[in-house]
Amino acid sequence: MSNTLGATVIGRSRLGKPQAGDAASAASPAPRKRRGRGRLRLEIALLSGPAIIIFVGLVIFPVVLAAYYGFYRWQGYGVPTDWVGLKNYQLILTDPDFHQVLLHNGLIVVLSLVLQGPLAILLALLLNQKIRGRSMIRVLIFVPFIISEVIVGTGWSLLLQTTGAVNDALHHIGLGFLAADWLADPNRALWSLMGIITWKYIGFAVILMLAGLQSIPDELGEAARIDGASYWQVQRHIMLPLLGPTIRIWAFLSIIGSLQLFDLVYIIWGQYISSTAGTSTMATYMVHNGRDAGNYGYGNAVAVVMFLVSLIVALTYQRLILRRDMRGAVTQGVT
Amino acid sequence: MSATTASARLAPARSARRRDKPQKWGNPFVYLVALLLISGSLAPVVYIVLGGFRTNSQITTSPAGLPNPWVSSHYIDVLNSVTFWGEFGNSTIVATVSTIGVVLLGVMVSYVIARYDFKLKGAMYSLFAAGLMFPLVIAITPLYIVIKDLGLVDNLLGVAIPQIAFGLPTTVIILVPFLRAIPKDIEEAAAIDGASRLGFFFRMAVPLSLPGVVTVAILAFIGSWNNFVLPLYVLNSQANYTLPLGVQQFASQYSTDTARVLAFTSLSMLPALLFFAVFQRRIVGGLTGAVKG
């Protein structure tokens, strides 16, 4: 039934000029609703089918698959046979290395919010003024965000070598005592990483905040100014609260990004050095212990743990903080 | 709420602002901060580009210095190498296929979510919105298994197709408000003129939401151009490497030849930067829409 219907629909839409009956039904919506229900369903299926198939197949299904493979010791070839139950998960949760990466990821999440958030808000408030070249400024501070993490990592690892340009520049301007082993020193490496992350993502945060600020009507600030509020009072009591939704969405994106941090660490430190330098993350742990070790069962179990960690964090954040902005958009659908 | 109305509102606001009194006390300070911010953002990029024009001995004796004299041989070497152009070609193919795929599938499904009325509409939106929470890196190990089962390992499509899937959530989130913002009147007028819903989709909805479509396309292209973890898993042979893999490989292969690595690195970031320079207005505008949507 649906096949013949499909043929007519395709035939009709190809014709371009619909037949008289079709035009009549289109003009009055009520009969179209009755006659066109099958056609409506078909259109929905045709238009949304490909996206849903590819999305479910390559985004949702792998996660389900990971849960299955996570119960096996498996090299990644053929059908897994060596069922080990919860042993992989037990190993992960008792592995001191994994505790380390959880700690690092946690620190990266918190430090990203603390370092970038206030800085981005301050910069956006400053730049949200009538100044010349504002669009140029916006473009230039966005450049680090556009460059791939591989290139950022390659460039910064050369800059931050003990014999690199950063130490050299510090010597030149008389701050030689600040020169350090930025990448290998466990007391510094995480801070170097945070510096690089801030450098790469602050432009994105500022642009987002600026976009948020520009949607606030000018009249609000002007009215407050007429009532005698100072510049900073306007920023603090009018702009900042109205920027709230933007800040909360930015924080969400930042948290998810911090939890999946991989490229930068992998490029700059590699797995071995990243554990001793204290910059390893869940993702580098997964790649190292799964792919590099050829133990895909274990790697999949790590993926499941990462997935659950992200899910819990995302849902908690959404429940507690984003709810009033998105009205449940992520979990409850379109409002 | 909708991105198009937002950008329409922005234009008059901006011109109204221009008519205000131009100077304020904060101005010099603001310029100073902006200058510091810009130089901080660009310094490492400039270092990479200029480093390619130096010799290794220049870099060793004065790591933070300028090229003196300027040497272009590293850039010429890279531009003459088969490796660079091969990887450049692979990156271009993958990015093009991903972008077309994301835009095509994304527009179609967003149109359904934005303008059709049916029971599962909310669930469909939630499905894609939830995808935002699970980026590629988290799913990469099981995803690799699926790609392997599909026989797409060491195949450029094995990178492009998953990128389409993982690009869909952002696309849907950005496009749905654009498509929903098209007034119902236009659709009714088109229906009276004899356009079917699908005809309306192709002839009216897609052209009218073009700003959103372009934004989505740019994000997909740059995302694909910069992707590292997926090619790292999927592509084994060097002939199939994309540029990020190539940069990593080149950097470890010529780790002592810093200047050459810098030349290779700066040439491989150029396309994404050019792409951004051409379309920057769209990206910033699209982000505005996404935030408000």
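In chain B, 80% of the contacts between residues at least 6 apart in sequence join residues at least 24 apart, where two residues are in contact if their C-beta atoms, placed from the backbone, lie within 7 Å. The model is a predicted one, in which local features need pLDDT of at least 70 and side-chain atom pairs count only at pLDDT 80 or more, while totals for chains, interfaces and linings use all residues. Residues are numbered from 1 along each chain as its sequence is written, and chains are lettered from A and ligands numbered from 1 in the order in which they are written.

Chain B has 14 helices and zero strands. Helices here are DSSP runs of H or I with at least four residues, strands are runs of E with at least two, and both are numbered from the N terminus. Read along the sequence, the pattern of chain B is accordingly α-α-α-α-α-α-α-α-α-α-α-α-α-α. Of its 293 residues, 49% count as buried. A residue is buried if 20 or more other C-beta atoms lie within 10 Å of its own, exposed if 12 or fewer, and partly exposed in between, with C-beta atoms placed from the backbone.

One helix pair in chain B can be followed in detail. Helix H6 (residues 121-131) of chain B packs against helix H8 (residues 156-180) of chain B at an angle of about 125°, and their axes are 7 Å apart. The axes are lines fitted to C-alpha atoms, for helices over the stretch in contact, and the angles run from 0 to 180 degrees between N-to-C directions. That angle makes H6(B) oblique to H8(B); angles under 35 degrees count as roughly parallel, over 145 as roughly antiparallel, 65 to 115 as roughly perpendicular and the rest as oblique. H6(B) contributes Tyr125(B), Phe128(B), Ala129(B) and Gly131(B) to the contact, and H8(B) contributes Leu168(B), Pro169(B), Val172(B), Ile173(B) and Val176(B). By class, these are eight nonpolar, one polar and no charged residues. Ala, Val, Leu, Ile, Met, Phe, Trp, Tyr, Cys and Pro count as nonpolar, Asp, Glu, Lys and Arg as charged, and the others, Gly among them, as polar.

The loop between helix H7 (136-149) and H8 of chain B holds Asp154(B). Asp154(B) is not a glycine, yet it has a positive phi of about 60°. Asp154(B) is partly exposed, with 15 other C-beta atoms within 10 Å. Ala189(B), in helix H9 (residues 184-192) of chain B, is also partly exposed, with 13 other C-beta atoms within 10 Å.

Chain A comes to 17 helices and two strands. Of its 335 residues, 37% count as buried. Among contacts in chain A between residues at least 6 apart in sequence, 66% join residues at least 24 apart. The domain assignment, which is automatic or from a database, gives domain 1 (2-69) and domain 2 (96-332) of chain A. Four residues of domain 1 are in contact with six residues of domain 2, and the domain 1 side has four nonpolar, no polar and no charged residues.

Between the chains, 90 residues of chain B are in contact with 88 residues of chain A. On the chain B side, the largest share, 14 residues, comes from helix H14 (residues 258-292) of chain B. That side has 65 nonpolar, 19 polar and six charged residues.
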